[in-house]
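This report describes one protein chain, starting with its overall layout and moving to single residues. Please look at the sequence and the model first.

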Amino acid sequence: MILTARLTATAALLLLIAAVPVPVLRFRNRDFAAEDLGLAEAAVASPGGLLLIPGFLLAVACAVLAWFAWRSRVWGWLAGTASLLLLGGAISTVWAAGSMVIMWDGFDEERGLPIGGMEVPEPSWGLGIVGLAAIVLAIGAITRLFRHPGSRSRR
């Protein structure tokens with residue numbers, strides 16, 4: 001079970017590191033590509049998105065503890081908490097995407113009419129990577145909590 005904890009914690013940490021440069025919320029109109037939100041921007045864009053920060057830090061702590069320190073059920077509880085924080089932050093980021101609207105206006109010189117529009121970001125691959133990292137941590141936590149050698153089995 002120690003190997004499972006090590007592999008899941010390392011995989012989750014690598015997934016979260018891979019999610020940093022990938023957009024979490026992306027505008028469909030590529031004229032606004034510079035406004036895409038990465039993991040750091042999405043974490044501070046909404047109150048619930050702030051859950052991504054302690055979730056990321058707990059994932060780092062789980063990886064370090066799996067390799068160098070704790071080998072107890074406490075690791076399972078930490079990994080489960082990190083998983084819940086990451087999932088909560090990802091879901092909150094999707095819900096807050098509607099408030100991150102870019103509105104623009106202009107004037108059509110050929111027809112002499114005002115034009116305008118609105119762009120709303122959509123979830124992108126970065127959010128899926130964060131969700132996958134949360135699922136991997138949850139698998140490690142469940143395995144650690146229910147298959148720990150020190151746990152009592154009920155017969």
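## Fold and basis

Along the sequence, the protein chain runs in the order α-β-α-α-α-β-β-β-α, which gives five helices and four strands. Helices (H or I, at least four residues) and strands (E, at least two) are DSSP runs, numbered from the N terminus.

The model is predicted: local features need pLDDT of at least 70 and side-chain atom pairs count only at pLDDT 80 or more, while totals for chains, interfaces and linings use all residues. Residues are numbered from 1 along each chain as its sequence is written, and side-chain values use heavy atoms, with hydrogens and water left out.

## Overall dimensions

The protein chain has a radius of gyration of 20 Å, whereas a compact globule of 155 residues would have one near 15 Å. This radius is taken over C-alpha atoms, and the globule rule is 2.2 Å times the number of residues to the power 0.38. Along the principal axes, the C-alpha atoms fill a box of roughly 80 × 25 × 20 Å.

## Burial and contacts

Of the 155 residues, 39% count as buried. Buried means under 20% relative accessible area, exposed means over 50%, and partly exposed is in between (1.4 Å probe, protein chains only). Among contacts (heavy atoms within 4.5 Å) between residues at least 6 apart in sequence, 70% join residues at least 24 apart.

## The β2-β3 hairpin

Strand β2 (residues 102-108) and strand β3 (residues 113-119) pair in the antiparallel sense over seven bridges; two strands pair if DSSP finds at least two bridges between them. The two strands form a hairpin with four residues between them. In the turn, Gly112 has a positive phi of about 75°. Trp104 stands opposite Gly117 in β3.

In a regular strand the side chains alternate between the two faces of the sheet.

## Two residues in detail

Ser92 belongs to helix α4 (residues 73-96). Is Ser92 buried or exposed? Ser92 is buried, because its relative accessible area is 16%. Not counting residues up to four places away in sequence, Ser92 touches Ser46, Gly48 and Gly49.

Arg26 is found in strand β1 (residues 25-26). Its relative accessible area is 36%, so Arg26 is partly exposed. Leaving aside neighbours within four places in sequence, Arg26 is in contact with Asp36, Pro121, Glu122 and Ser124. Arg26 and Pro123 are 97 residues apart in sequence, yet 6.3 Å apart in space, C-alpha to C-alpha.
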